[in-house]
Amino acid sequence: MAPAVWDFLAGGAGDERTLAANLEAFDRIKLRPRVLAGFGLPDIETKILGRTWGAPVAIAPMAYHTLADPLGEVATARAAGGAAVPLIVSTFAGRTFEDIAAAASGPLWLQVYCFRDRATTRALIERAEEAGFEALVLTVDAPRLGRRTRDLRNNFRLPPGIEPANLVGGGFSSPSAHALAEFDACLDWSVIEWLGSVSSLPVLVKGILTADDARAAMAAGVDGIVVSNHGGRQLDGAPSTLEVLPEIAAAVAGTCPVLVDGGIRRGSDVLAALALGADAALLGRPVLDGLALGQEQGVARVLDIITDGLTEAMMLTGTRSVADAGPELVQSQTVTLQPHAEPAVRTAPRSPAPHPSGPLRREELHASLRDPVLDTMNFLNEITHRFPEAISFAPGRPYDGFFDTGQIFDHLRRYLDHLEAGGASPARIRSTLFQYGPTSGHIRELIADSLRKDEGVDVPPESIVVTVGCQEAMFLAVRALISGPDDVLLVSSPCYVGITGAARLLDVELTSVAEREQGFRCVDLEAAITAERARGRRPRAFYVIPDHSNPSGTTMPLETRHELLELAARHDILLLEDSPYRMVSPGRQLPTLKSLDREHRVVQLGSFSKTLFPGARVGYAVADQPVTDSSGTVGLLADELTKIKSMITVNTSAVSQAVVAGMLLAADGRTSQLNTETAAYYGHAMQVTLQQLDENFPVGEREELGIRWNEPSGGFFLSVTVPFDADNTALVRSAEEFGVVWTPMSYFYPQGGGEQGMRLSVSSLTDSEISDGIKRLAAFIRVQAGQAGPTVTSERTIR
């Protein structure tokens with residue numbers, strides 16, 4: 001073999017200093033011995049992406065195996081199959097994908113570079129998938145290849161006859177020059193979605209070196225991460241892969257496989273990588289050495305040496321299986337271990353923790369758990385269960401009569417047919433339904449289409465994040481926007497308890513903007529903003545339900561909506577618009593704030609719970625606000641929300657998304673059409689409730705009692721003002737003695753108020769239940785107001 005060729009093979013894919021740093025990091029690791037572990041040979045098998053490997057080792061992607069042996073990757077694939085470990089085939093392989101696949105008996109993955117001409121990349125992927133490859137590994141630290149000083153010194157060019165067998169056109173005598181000319185230098189995380197659109201194969205990213213990038217990768221929907229620092233040129237003084245592995249494993253926390261590449265030379269190196277958070281290690285340069293010296297048998301011998309060394313290291317450290325390898329194996333932690341660096345899927349045995357001397361103290365838990373707002377709904381649910389025969393005006397839930405169990409399967413089938421009609425393969429459909437999927441959601445395009453048709457909201461799908469109900473959307477928005485103790489979240493008061501609870505959990509202080517009896521007024525919001533700024537604080541956002549609000553039932557006039565948008569622009573705040581009751585209300589609805597938004601001032605928080613399917617728990621956030629970083633790069637607020645979601649729920653249920661998507665497809669995206677009947681039903685229920693209140697409290701009596709209520713035109717709720725404290729004590733008496741349940745309005749005032757108010761929800765009751773329930777409520781109010789007397793309901797005597 002010519003010296004220049006040997007230097008090319010021995011030099012590594014990146015900077016020589018990078019390779020040296022990786023080797024030195026493994027040399028520093030000391031493994032802790034353990035004797036009398038009580039088992040025989042350890043189990044070195046592992047399972048990754050659904051396939052069982054013979055060892056937690058794979059062969060890293062390396063170009064031009066044909067430089068070492070004429071059979072090239074064919075010989076390497078045969079040896080890898082004999083050891084039951086994967087081979088990651090380089091884009092610049094010297095043998096065709098078809099030849100390699102014909103020789104392989106183990107898993108094959110394709111290492112992908114994304115070319116400027118996406119058609120070239122697509123063609124490579126399609127060929128590999130057709131040949132039976134099982135995953136894609138996108139190299140993300142290209143196109144700036146490492147500075148290979150040996151090749152520069154030797155003026156290395158590929159020998160005649162050596163070229164990428166799977167690329168057409170030639171001109172590859174200088175690999176680094178080709179990379180600079182042909183690789184796409186403008187890639188961002190959207191490339192993951194693009195790869196998913198052209199292939200059903202799992203996608204891993206190779207070249208991750210920070211926890212931030214690992215989180216971004218998960219948010220983009222990758223199926224695995226390869227910690228690697230020698231695909232491209234590295235910064236001077238950049239850490240070794242082993243140094244950054246623990247923080248990346250901690251960030252991933254077991255949600256996807258983490259592999260590490262660079263510097264693996266011994267079986268003990270593999271065990272060290274497992275101990276520091278990897279699920280498997282990639283073996284590179286030694287494989288080419290073995291191929292050059294002994295062809296297929298040489299590669300097989302290298303793999304035997306590594307697996308034998310791993311088995312021996314596991315026996316000496318008392319490690320029963322790959323799953324038992326944890327950070328306690330590392331004795332001299334010269335590589336910094338991050339807290340909780342061990343992946344969640346692999347937990348090493350530990351001695352039982354000592355029992356505490358006493359029960360946990362509540363005051364030592366988070367302060368939000370002592371906040372009354374977190375107890376309110378639990379108390380209400382407890383009252384409902386204690387008095388099951390009581391008629392309940394408490395739950396804001398849709399009416400059960402609209403749902404048929406069989407519809408779930410119809411909607412699911414419709415969405416699967418939609419995917420198939422769009423060209424998705426059976427494997428891709430299966431992955432869509434059964435796997436985690438992108439954190440931002442599978443059905444963003446359908447939601448964007450529905451918003452455009454139903455609401456006149458025209459936003460790109462990438463500005464949407466599909467959430468676990470609207471509650472998660474609130475949590476994400478508050479967490480993203482409130483960055484410090486001086487930031488202020490303003491809320492219209494009374495307000496929905498979900499936003500109050502989210503703020504409490506995040507240690508965010510709320511500032512209430514009180515609604516007047518006629519509803520919200522912008523002058524009050526402006527006064528609150530001015531007051532907060534005078535205190536040296538920064539108002540960031542205002543949360544409001546403009547349509548048939550929960551709990552009061554009020555609706556914001558069109559003039560006020562325009563005024564609010566102008567105020568938001570003038571004071572540089574965002575509006576968090578939550579409006580779930582529009583499509584289930586009768587008549588023509590006023591335009592949403594988002595549909596009127598021309599300056600990206602509105603973050604729309606939406607839900608399909610009221611309009612389509614409450615049990616699916618599918619919501620969304622529309623966050624099309626531009627976000628600029630210090631380098632001038634511009635993204636969307638939706639991208640930031642996705643990062644947070646990746647650390648909370650990771651994904652919204654793919655099955656739930658599929659069912660909701662099927663419902664949207666059934667109505668061509670027009671939820672208003674699906675809800676014609678439901679809107680009429682709820683509108684009728686509201687009118688029956690108002691009529692019954694009128695009949696049970698004639699004008700003269702209601703004035704004498706001091707009772708009044710508002711008259712919403714839609715939605716689920718109305719508020720009733722009574723001449724006594726409508727608190728929990730009164731609620732218990734109402735349920736126990738009069739058989740009727742309601743919700744105290746004081747629950748909905750974050751900074752106090754509403755003591756003499758009740759919220760009535762009409763959505764889940766029939767006409768007869770409403771009629772009977774209002775009679776019982778009237779009896780309770782009269783007695784509680786001091787006009788006691790026996791009143792007979794349709795089923796029982798009220799004392």
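A salt bridge here is a side-chain nitrogen of Lys or Arg within 4 Å of a carboxyl oxygen of Asp or Glu. Asp449, Arg452, Lys453, Asp668 and Arg670 are linked in a network of such bridges. The model is a predicted one, so to speak of local features takes a pLDDT of at least 70 and side-chain atom pairs count only at pLDDT 80 or more, while totals for chains, interfaces and linings use all residues. Residues are numbered from 1 along each chain as its sequence is written, and side-chain values use heavy atoms, with hydrogens and water left out.

By the salt-bridge rule, the count comes to 37. Asp449 and Lys453 are about one helical turn from each other, because they are 4 residues apart in helix α16; helices (H or I, at least four residues) and strands (E, at least two) are DSSP runs numbered from the N terminus. Asp449 is buried at 17% relative accessibility, whereas Lys453 is partly exposed at 30%. For these labels, buried means under 20% relative accessible area, exposed means over 50%, and partly exposed is in between (1.4 Å probe, protein chains only).

Helix α16 (residues 444-455) also holds Arg444. Arg444 forms a salt bridge with Glu193, and here the closest N and O atoms are 3.1 Å apart. Glu193 sits in helix α8 (residues 190-198), so this pair ties together parts that are 251 residues apart in sequence. Arg444 is buried, with a relative accessible area of 7%, while Glu193 is partly exposed at 44%. Another salt bridge joins Asp524 and Arg516, with the closest N and O atoms 2.9 Å apart; Arg516 is partly exposed, at 37% relative accessible area.

Now for the rings. The structure holds 18 aromatic pairs. Rings of Phe, Tyr and Trp (its six-membered ring) pair if their centres lie within 6.5 Å; planes under 30 degrees apart count as stacked, over 60 as edge-to-face and the rest as tilted. Phe402 and Tyr682 have ring centres 6.0 Å apart and planes at 75°, so they make an edge-to-face pair. This pair links distant parts of the chain, 280 residues apart: Phe402 is in the loop between β13 (391-392) and α14 (405-421), and Tyr682 is in helix α25 (residues 676-696). Both Phe402 and Tyr682 are buried. Tyr682 also pairs with Phe716, with centres 4.7 Å apart and planes at 55°, so that pair is tilted. Phe716 lies in the loop between β23 (708-709) and β24 (717-721), 34 residues from Tyr682, and both Tyr682 and Phe716 are buried. Ring pairs link Tyr399, Phe402, Tyr581, Tyr681, Tyr682, Phe716 and Phe717 into a cluster.

Two strands pair if DSSP finds at least two bridges between them.

Parallel pairing turns up elsewhere. Strand β8 (residues 203-208) is mostly covered, with 6 of its 6 residues buried. Strand β7 (residues 135-139) runs parallel to β8 and is joined to it by 4 bridges; in β8, Leu138 has Val205 as its bridge partner. β8 also pairs with strand β9 (residues 224-227) in the parallel sense over 4 bridges, and there Ile208 has Val227 as its bridge partner in β9. Strand β18 (residues 574-578) is mostly covered too, with 5 of its 5 residues buried. Leu574, Leu576 and Asp578 lie on one side of β18, with Leu575 and Glu577 on the other. Strand β17 (residues 538-544) runs parallel to β18, with 4 bridges joining them, and Val544 stands opposite Glu577.
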